[in-house]
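Please read it alongside the sequence and the model.

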Amino acid sequence: MRLSRRTLLAATPALAASSTSAAAAEQSGRRLQTGFERLQATAYAQLSGQHIGIVTNPTGITRDTRHIVDVMHNDNQVNLGAVFGPEHGFRGTAQAGGSEGRYDDPATGLPVYDTYLKSGRPLADIFTASGVDTIVFDIQDVGARFYTYIWTLYDCMEAAQLAGKRFVVLDRPNPVTGREAQGPVLHKEFATFVGRQPISQAHGMTVAELAHLFNGEFLTTPVELDTVRMTGWKRSEFYDASGLPWVPPSPNMPTPDTALVYSGTCLFEGTKLSEGRGTTRPFELLGAEGIDGRWAAEVNRLGLPGVHFREAYFAPVFSKFQGKTIGGVQIHVHDRAAYDPVRTGIALLVTAKKVWSGFAWRSDNWIDKLTGSTRVRTAIDAGAGTDEVVAGWQQELAAFRKVRKEYLLYR
């Protein structure tokens, strides 16, 4: 099949939007610079005289896709001595719930330490053993409370303080904008690695802003913290306006479109339905055996802003329903500015339970860890509609938004 330019662009609207958004930023004379780009431009002045260790993963890249560890290792202006890998690993070889362990990086010879599921004194001991003076953090986040890299950030800040290390965060964009916080706020008794502290489900912050929030509100003893801000980023902008290449932060976050829906549809990890893992569109495809077109019809009737739902059939190659053809929906966001991912996720749960007799939560009530309390699960089980469920967290969300506002670094 031969594709014309017109056919290609029609088939890939996200690509066209990306080019347009990035070009508009360039034409206005405003080019985004990441925290690393700004640090490098100063010949690493904020790291001068320090022995550095860096917490990063495959997203820690330059605009021309070189990894910052490789760049820093080859630059005699900075003394890089260790790398610390999070979930999925420094080079990204591990799937969800895995890491790379301790090894020496073949490309640089640097020791790589595993931080995954480590915190407190054990993680502080790793920092001490590495012999570094300053811990640098540079990982691309996706804006959701249950995405574990922000809790790697929190754990590393706490451990750095215990080990007497300085901590520096290099900022990157929130790919789904920083306009506002959305969704339920975590209750402390439900704290896990998918939510250590009471922030909202979609936090609307960058990692540097979160670092200041963690330091000011949650760490018992603050760490010595510095951040290198971006320039040229606006809170209203999606990732395609940045002009930066997208590297999947984890194996099931292939595109910025995935990040757009993730803070809502990741809730399906807490159900017996597939959240689309094992497909080419994780978190955009949802389904299970026995579901048909009635689900898409039911949720479309709600008229949710910015989104349509298509009846879809798919066969995951791993995870839930591996190798089985199942039915469900595919999410098609047509107006990103109007779209509310958390409300949409709740509406999908409510309607799935309504139209499919097989609907069930995971037996460990993982949904409570994801939403941050029992409220969402018990409300849906009691027959509450979308509006009633969403109304249940508004007071706590308003309180978090007030605290959050004090730590925002960008307009």
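How many of the 15 residues of α6 are buried? Helix α6 is mostly covered, with 12 of its 15 residues buried, where buried means under 20% relative accessible area, exposed over 50% and partly exposed in between, computed with a 1.4 Å probe on protein chains only. The model is predicted, so that local features need pLDDT of at least 70 and side-chain atom pairs count only at pLDDT 80 or more, whereas totals for chains, interfaces and linings use all residues. Residues are numbered from 1 along each chain as its sequence is written, and side-chain values use heavy atoms, with hydrogens and water left out.

Helices (DSSP runs of H or I, at least four residues) and strands (runs of E, at least two) are numbered from the N terminus. The expected span of a helix is 1.5 Å times one less than its number of residues, and the C-alpha atoms at the ends of α6 (residues 149-163) are 20 Å apart, which agrees with the 21 Å that its 15 residues should span. Just after α6, G164 takes a positive phi of about 70°.

Among the buried residues of α6 are W151, L153, Y154 and M157, and what covers the buried residues of this helix includes the elements α5 (120-130), β6 (166-170) and α7 (207-218). A nonpolar core is a set of buried Ala, Val, Leu, Ile, Met, Phe, Trp, Tyr and Cys residues joined through side-chain atoms within 4.5 Å.

| Core | Residues in the core | Named residues |
|---|---|---|
| Largest nonpolar core | 105 residues | L153 and F167, those with the most contacts inside it |
| Second, separate core | 20 residues | includes I68, V71, V78 and V112 |

Counting contact as heavy atoms within 4.5 Å, and leaving out residues up to four places away in sequence, L153 touches F137, F167, V169, V207, L210, A211 and F214.

In the loop between β5 and α6 lies F146, which is buried, with a relative accessible area of 3%. Residues up to four places away in sequence again not being counted, F146 touches V194, Q201, Y262, S263, C266, L267 and L370.

Y262 is also one of the residues closest to the centre of the second largest pocket, together with E87, A96, E269 and R277, out of the 25 residues that line this pocket.

Definitions and conventions. On a 1 Å grid over the protein atoms alone, a cavity is a set of points where a 1.4 Å probe fits but cannot get out, and a pocket is an open set with protein on both sides within 12 Å along at least five of seven lines; lining residues have an atom within 4 Å of a point.
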